[in-house]
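Good morning, colleagues. Please have the sequence and the structure in view while I speak.

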Amino acid sequence: MPASTAPLVLGIESSCDETGFGIVRGTELLANAVASSMEEHVRFGGVIPEIAARAHLEEFLPTLQQALDTAGVTLDDLDAIAVTSGPGLAGALMVGVAGAKALALAAGKPLYGLNHLVAHVGVGVLDEVRTAVPPAASGARPAGVVLSPEPTGLPESLGALLVSGGHTEILQVNRLTTDVTLLGSTIDDAAGEAYDKVARLLGAGYPGGPVIDRLAQQGDPKAFRFPRGLSAPKFVGSAEEPGKHRHNWSFSGLKTAVARCVEQFEAAGVPEEQIPTADIAASFQEAVADVITAKAVRACTEHGITHLLLGGGVAANSRLRSLLAERCADAGIGLTVPPVRLCTDNGAMVAALGAQLVADGVAPSSLDFAADPGQPVESISLVA
């Protein structure tokens with residue numbers, strides 16, 4: 001689509017602790033401004049919804065202005081506004097939705113209430129993502145891990161693995177704007193949540209993802225054999241007779257196993273500084289990466305998915321990225337990993353999906369829709 005006719009869309013993201021504004025023209029990213037309240041949550045060891053919502057209120061207008069200035073456009077120039085309507089934290093979502101409605105009404109622009117998870121997939125249409133080189137354990141792209149072969153849009157037979165502090169899902173993307181199916185998800189903690197809790201157990205700090213990843217580099221991933229949740233035959237079944245949790249994950253048992261491990265060292269009188277925290281971190285990380293990638297690749301092969309997109313904040317994890325690259329290569333599955341700044345929550349992904357909806361002629365949402373903390377993935381955009 002020529003740049004002159006490609007839709008210019010503002011995207012607003014506020015589902016958790018990032019206030020994000022992105023501006024996209026077609027598939028070209030013009031601006032991606034993000035303000036995070038993460039530092040305000042550090043002393044609590046996790047995101048406090050009320051603090052996150054208040055931070056969105058404070059950062060809404062400054063971050064919006066930053067995005068407009070970077071893109072060199074005004075609200076009047078926009079063709080549409082898109083906002084995350086769910087899933088996410090209720091209070092945080094309401095701030096973004098209310099602000100988006102005010103902007104749409106004041107500027108006279110159509111508004112789209114979008115699914116946060118599908119927006120993570122939408123980032124894959126952006127030019128800089130489709131031309132990015134995915135990571136590999138060796139530093140070179142392994143055989144079978146390829147870029148999107150399409151000159152525009154997403155690859156055919158696409159799946160998406162989303163791993164973050166609030167979500168762990170595998171999706172089948174038949175058509176980005178109208179047909180996305182959930183194949184599997186966590187039934188308890190999200191992977192990123194498990195990282196935060198284990199980091200707290202080890203006294204390693206918050207957020208858990210980066211600190212566990214760094215600590216794991218110094219440890220032995222085979223030092224402890226921690227459980228891989230929902231991997232027993234009774235849960236998995238077979239391709240012909242799938243078990244109830246064949247493509248689902250569970251991290252609560254893993255978190256408990258780490259806690260018991262630490263408690264055993266403490267009960268034995270081992271001084272805190274002599275507890276092998278690096279080995280525990282490495283073994284925990286190996287368990288997470290192993291079960292996530294094994295189940296994701298199996299879901300892809302059994303559902304005819306030939307290309308996988310990795311998204312979410314935990315996509316920054318070094319072991320998850322390298323092991324997924326290896327296993328996708330072995331299975332002949334193409335892999336796209338966006339830059340880390342586009343994997344974490346941001347407004348650019350919302351704008352990217354919004355632009356695709358406008359281009360596909362999908363009707364905008366009405367102004368009376370509400371934020372939906374439990375919005376299902378099949379609800380890509382709220383109906384008019």
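Let us begin with an open sheet of five strands, whose order is β8-β7-β6-β9-β10 and whose pairing is mixed. Strands here are DSSP runs of E with at least two residues, helices are runs of H or I with at least four residues, and both are numbered from the N terminus. Two strands count as paired if DSSP finds at least two bridges between them. β8 (179-185) and β10 (334-336) stand at the edges with a single partner strand each, so one side of each has no neighbour in the sheet. On average, neighbouring strands of this sheet are turned by 25 degrees against each other, direction ignored.

Before going further, I note that this is a predicted model, in which local features need pLDDT of at least 70 and side-chain atom pairs count only at pLDDT 80 or more, while totals for chains, interfaces and linings use all residues. Residues are numbered from 1 along each chain as its sequence is written, and side-chain values use heavy atoms, with hydrogens and water left out.

Now to strand β6. β6 (residues 158-163) runs parallel to β9 (residues 307-311), and five bridges join the two. Within this pairing, G159 has L308 as its bridge partner, and L161 has L310. With β7 (residues 168-175), β6 pairs in the antiparallel sense over six bridges. There, G159 stands opposite Q172. A hairpin of four residues leads from β6 to β7.

How buried is β6? Six of its six residues are buried, where buried means under 20% relative accessible area, exposed means over 50%, and partly exposed lies in between, with a 1.4 Å probe and protein chains only. In a regular strand, side chains alternate between the two faces of the sheet. In β6, L158, A160 and L162 point one way, G159, L161 and V163 point the other way, and all are buried.

I turn to the helix pair. Helix α7 (residues 208-216) packs against helix α10 (residues 277-302) at an angle of about 110 degrees, with the axes 8 Å apart. Axes are lines fitted to C-alpha atoms, for helices over the stretch in contact, and angles run from 0 to 180 degrees between N-to-C directions. α7 is therefore roughly perpendicular to α10, a term for angles of 65 to 115 degrees. The contact (heavy atoms within 4.5 Å) involves I212, D213, L215 and A216 of α7, and T277, A278, A281, A282, F284 and Q285 of α10.

Note on methods: Angles under 35 degrees count as roughly parallel, over 145 as roughly antiparallel, 65 to 115 as roughly perpendicular and the rest as oblique.
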